Amino acid sequence: MVSVLQMGAESILKNDPYGLYVALISVTVVLSALIVLFFLIWGFGRLMVRSAAAPRKEGKVSMSSMLKKEDGVNAELIAAIGLALKLDGVERHDKESEVITLNKVARVYSPWSSKIHGLTHEPSRR
Amino acid sequence: MFNFLTTFLSSFLGESVTKFLHETGFANLFSHEGGYKYLVMIAVGCFFLYLAIKHKFEPMLLVPIGFGILIGNIPMVAGHAIGIYEEGSVLNILYYGVVKGVYPPLIFLGVGAMTDFSSLLSNPKLMLVGAAAQIGIFAAYIGALALGFPANEAGSIAIIGGADGPTAIFLTSRLAPQFMGAIAICAYSYMALVPVIQPPIMRLLTTKKERVIKMKPARVVSSTEKILFPIIAFLLTTFIVPDAIPLLGMLFLGNLLKECGVVKRLAVTASNQLIDIVTILIGLTVGASTQASVFLTPKTLGIFVLGALSFIVATMGGVLFVKFMNLFLKEGNKINPLIGNAGVSAVPAAARVSQDQGVKYDRTNYLLMHAMGPNVAGVVGSAVAAGILLSFLG
């Protein structure tokens with residue numbers, strides 16, 4: 001009997017002609033790998049959230065924990081602060097620098113205001 | 001006149017001209033048995049270019065692949081070291097990266113450097129959706145065996161259901177290199193057709209009420225979590241399936257380059273220039289490998305049918321698994337089943353489909369970021385699945 005570890009594709013096919021065992025084992029392995037990863041991330045995420053919410057030793061308090069203490073997590077307030085900061089950054093260009101950068105005015109040529117068309121070369125006598 | 005013609009043809013000049021004329025693509029098209037197949041493949045190449053340029057279906061992939069098909073299907077005389085299957089030709093040397101599975105890990109490096117795992121980290125249960133969608137791979141494996149494909153070829157065909165071109169190429173290079181062109185083209189075609197294939201299945205399996213479920217906004221993920229995730233995920237997944245090291249190693253390395261913040265230049269190179277260069281090479285050579293003589297066979301048709309089956313089952317698996325999860329989740333924590341399709345790893349096309357469908361039923365329901373969770377989990381899941389198939393069938 002050949003060990004499973006030494007089996008190639010052909011011997012796998014002999015022992016599992018419909019592929020059910022391979023499929024079942026593979027699905028189980030994929031699911032279990034990602035489930036273990038899920039628990040790791042989930043546990044780690046909770047740890048991070050808890051540590052972020054905990055007050056700092058030096059007496060400094062994070063914004064999220066402060067909001068939580070006073071009147072629960074106020075998502076709208078956070079959104080408003082975020083929006084205000086964003087607008088401040090985006091609309092900063094509206095403030096004029098107060099430096100005049102206009103050095104020269106170039107008049108566009110137009111035959112309507114052209115001197116050449118306004119004057120005759122030699123005045124005609126009648 | 002006739003005498004002049006026979007004299008001319010028997011002269012050196014005449015022989016040279018005749019030899020040249022026999023070597024032209026036109027002559028080979030009509031002199032080869034089944035020469036019409038080249039024209040069929042050229043039409044397929046043009047169709048790919050049309051889809052990419054006119055309809056913008058995955059143009060980054062379909063333009064190089066489509067033009068590669070044109071390059072690979074000019075009928076020519078063998079022995080000039082021109083064709084992709086001729087030892088020492090330029091195309092053959094470039095194709096080496098596909099045959100030996102060099103390009104897919106490099107693509108994964110770039111994908112890792114472009115991927116933001118935040119949505120997955122903020123809602124890790126979406127990881128399970130990515131796992132559930134891999135069921136398409138194993139359904140196709142069983143289907144391929146039932147159609148009489150040998151086990152190694154069945155494994156290569158099955159991975160199409162992962163909707164991940166580089167993974168399909170990597171596994172095929174190990175298990176069934178003779179089907180490289182067919183499997184790669186099939187995988188990339190179905191990836192490009194995600195917006196066409198998935199929506200009807202999503203609508204079929206969900207109710208109107210389910211489609212308008214609004215999911216809780218994702219929490220902010222700290223940079224520490226983002227840095228530790230690729231390291232932990234790599235160690236865990238590859239300890240379980242070491243055969244997936246080339247893919248997962250590069251994926252998580254790319255992500256670490258992005259998230260650690262101290263090697264910005266490397267991250268930018270991996271996510272821009274490197275992945276662009278490799279995408280051109282992989283697309284071109286995969287396209288050129290579809291020479292009509294080796295591509296247009298009844299088995300190719302079987303591969304396309306099984307690939308479609310695999311893709312459909314994967315989409316159904318993701319959507320149905322979300323509905324199953326919702327049975328156990330409290331009101332307010334429920335998941336919109338329209339993100340279940342994103343469990344296949346076509347990033348970000350599948351997530352965009354979720355977004356489009358979500359907005360269709362509720363204009364204020366933005367599912368994109370939520371769908372990115374199962375989408376990136378699908379990338380990890382399909383690489384793990386490829387590793388398992390490799391360990392069984394390799």
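This is a predicted model: local features need pLDDT of at least 70, side-chain atom pairs count only at pLDDT 80 or more; totals for chains, interfaces and linings use all residues.

**Entry 1, cysteines.** Cys260(B) comes out as partly exposed, at a relative accessible area of 27%. I then looked up Cys46(B), which is partly exposed too, with a relative accessible area of 39%. How many disulfides does the structure hold over all chains? I found 0.

**Entry 2, the contact between the chains.** Next I turned to where chain B meets chain A. I noted 36 residues of chain B in contact with 32 residues of chain A. Between them the two chains bury about 2800 Å², and carbon and sulfur atoms account for 87% of that area.

I wanted to know which parts of chain B supply the side that touches chain A. At least two residues each come from α9 (126-132), α10 (135-146), α11 (151-158), α16 (223-240) and α22 (368-393) of chain B. Which of chain B's elements gives the most to that side? My answer was α16(B), with 9 residues.

I sorted the residues on the side of chain B that touches chain A and got 25 nonpolar, 8 polar and 3 charged.

Last, I checked for salt bridges across the interface of chain B and chain A, and the rule finds 0.

Terms used:
Residues are numbered from 1 along each chain as its sequence is written. Chains are lettered from A and ligands numbered from 1 in the order in which they are written. Side-chain values use heavy atoms; hydrogens and water are left out. A disulfide is a pair of cysteine sulfur atoms within 2.5 Å. Buried means under 20% relative accessible area, exposed over 50%, partly exposed in between (1.4 Å probe, protein chains only). Contact means heavy atoms within 4.5 Å. Buried area is the accessible area (1.4 Å probe) that two parts lose on being put together, summed over both. A salt bridge is a side-chain nitrogen of Lys or Arg within 4 Å of a carboxyl oxygen of Asp or Glu. Helices (H or I, at least four residues) and strands (E, at least two) are DSSP runs, numbered from the N terminus. Ala, Val, Leu, Ile, Met, Phe, Trp, Tyr, Cys and Pro count as nonpolar, Asp, Glu, Lys and Arg as charged, and the others, Gly among them, as polar.
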